[in-house]
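My comments are below as numbered points, to be read alongside the coordinates.

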Amino acid sequence: MSDDALRRRVVAELAADPRVDGETFHVAVAGDTVTLSGTVASLRLKRAAVTAVARVRGVGSIVNELRVQLPPEDRRDDEDLHGDVLEALMLDTSVPMSVDARARDGFVTL
């Protein structure tokens, strides 16, 4: 299959998946390797795009260069983020109580 034909199939699969907006991605194909690039609004969307591409016959490998950038209205201040992360850590029994979290400029460090 040609690179162009595989690219068309990948773009069609992304467009058909209701979890993924196919127009937010740049799709490049070289052989059986598909490279996704661009910016998405969530980690869920990034994972859904890879899942959709993996369903396409002819795809051998996927290079995921998608960047996640939250929309301004979804951003939270560091204090709220820190509290939510600590709560999630406490609720997960597989995480030792010695694990702590810091939030700074929207990034969490464990």
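**Notes on the model**

1. Arg55 counts as partly exposed, at 43% relative accessibility (buried means under 20% relative accessible area, exposed over 50%, partly exposed in between, with a 1.4 Å probe and protein chains only). Its side chain meets that of Glu13 in a salt bridge of 2.9 Å, N to O (a side-chain nitrogen of Lys or Arg within 4 Å of a carboxyl oxygen of Asp or Glu). Because Glu13 sits in helix α1 and Arg55 in the loop between α2 and β3 (61–68), the pair ties together parts that are 42 residues apart in sequence. Helices (H or I, at least four residues) and strands (E, at least two) are DSSP runs, numbered from the N terminus.

2. A word on the basis: this is a predicted model, where local features need pLDDT of at least 70 and side-chain atom pairs count only at pLDDT 80 or more, while totals for chains, interfaces and linings use all residues. Residues are numbered from 1 along each chain as its sequence is written, and side-chain values use heavy atoms, with hydrogens and water left out.

3. What does the Glu13–Arg55 pair belong to? Glu13, Asp17, Arg19 and Arg55 are linked in a network of salt bridges. Asp17 is buried, with a relative accessible area of 6%, whereas Arg19 is partly exposed at 40% and Glu13 is partly exposed at 24%.

4. The whole structure has 5 salt bridges. One of them joins the side chains of Arg8 and Asp4 at 2.4 Å, N to O. These two residues are 4 apart in helix α1 (residues 3–16), so about one helical turn separates them. Asp4 is partly exposed, at 45% relative accessibility.

5. Asp105 has a positive phi of about 55 degrees although it is not a glycine. Its place is in the loop between β4 (102–104) and β5 (107–109), and at 61% relative accessibility Asp105 counts as exposed.
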